[in-house]
Amino acid sequence: MTEMSALYGRALYALAQETHKEEIFLTQLRGTLFILRQVPDYMRLIANRAVPKAERLSLLDEAFGGRVEPDFLSFLKLLCEHGLFLSVEKCVDAFVEAYHADHGIVRATAISSVPLDEGRLTRLHQALEKKAGKQVELSVKVDPSVRAGMRVEMEGIRYDNTLSSRMERLRHALTEGTLS
């Protein structure tokens with residue numbers, strides 16, 4: 001994350017706190033980012049300095065005016081004006097990071113070879129919250145290269161219970177003669 005985008009993201013979070021709209025801004029940030037990812041040409045158009053600034057700002061008004069908080073729209077325009085619109089994702093990351101720090105939330109990512117059913121996902125989420133002693137925002141990724149089992153990353157720690165890691169531990173135990 002660039003320092004400038006982190007600064008903008010934290011500044012938006014400070015504004016959200018002052019106006020007691022942290023959850024609203026968080027929802028709008030995520031929704032806007034989702035939309036922008038679907039239409040990358042729009043992002044490039046808003047960031048293109050060859051297009052007159054007034055036109056780019058007008059496009060933001062047309063797309064988001066009346067649909068998002070006015071302060072949030074002003075934030076998007078500010079990014080456009082300062083040539084940072086392509087950094088919106090990094091700004092979102094900084095905002096979310098500040099939000100999570102204030103609300104005692106940690107991020108965790110689970111990587112599995114197959115999609116997890118609802119029951120297994122719920123049990124995993126509960127186990128991670130118990131282990132962390134905090135609320136956990138869990139994202140799940142499916143990666144066919146993970147052969148059986150699951151790998152979880154949380155708070156900088158990797159918990160690896162994939163077939164590959166279990167085989168590696170067994171191989172190590174056999175070569176070290178520590179198997180009983």
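What volume does the largest pocket have? In this predicted model, the answer is about 300 Å³. Local features need pLDDT of at least 70 and side-chain atom pairs count only at pLDDT 80 or more, while totals for chains, interfaces and linings use all residues. Residues are numbered from 1 along each chain as its sequence is written, and side-chain values use heavy atoms, with hydrogens and water left out.

View 1. A pocket is an open set of points on a 1 Å grid over the protein atoms alone, where a 1.4 Å probe fits, with protein on both sides within 12 Å along at least five of seven lines; lining residues have an atom within 4 Å of a point. The volume is the space filled by probe spheres set on the points, which are joined across faces, edges and corners. Of the 14 lining residues, R30, R37, D93, R107 and E137 are the closest to the centre. At least two lining residues come from each of α2 (22–38), α6 (88–103), β1 (105–112) and β2 (135–142); helices (H or I, at least four residues) and strands (E, at least two) are DSSP runs numbered from the N terminus.

View 2. R107 and E137 form a salt bridge, with their closest N and O atoms 3.9 Å apart. The term means a side-chain nitrogen of Lys or Arg within 4 Å of a carboxyl oxygen of Asp or Glu. This pair links distant parts of the chain, since R107 sits in strand β1 and E137 in strand β2, 30 residues apart. R107 is partly exposed at 42% relative accessible area, and E137 is partly exposed at 28% (buried is under 20%, exposed over 50%, partly exposed in between; 1.4 Å probe, protein chains only). R30 joins R107 and E137 in a network of salt bridges.

**View 3. Two loops tied together.** Look next at K134 and E155, whose side chains meet in a salt bridge (3.4 Å, N to O). K134 lies in the loop between α7 (118–132) and β2, and E155 in the loop between β3 (149–154) and β4 (157–162), so the pair ties together parts that are 21 residues apart in sequence. Both partners are partly exposed, K134 at 38% and E155 at 46%.

**View 4. The pair R158 and E153.** The side chains of R158 and E153 meet in a salt bridge of 2.8 Å, N to O. E153 is partly exposed, with a relative accessible area of 32%.
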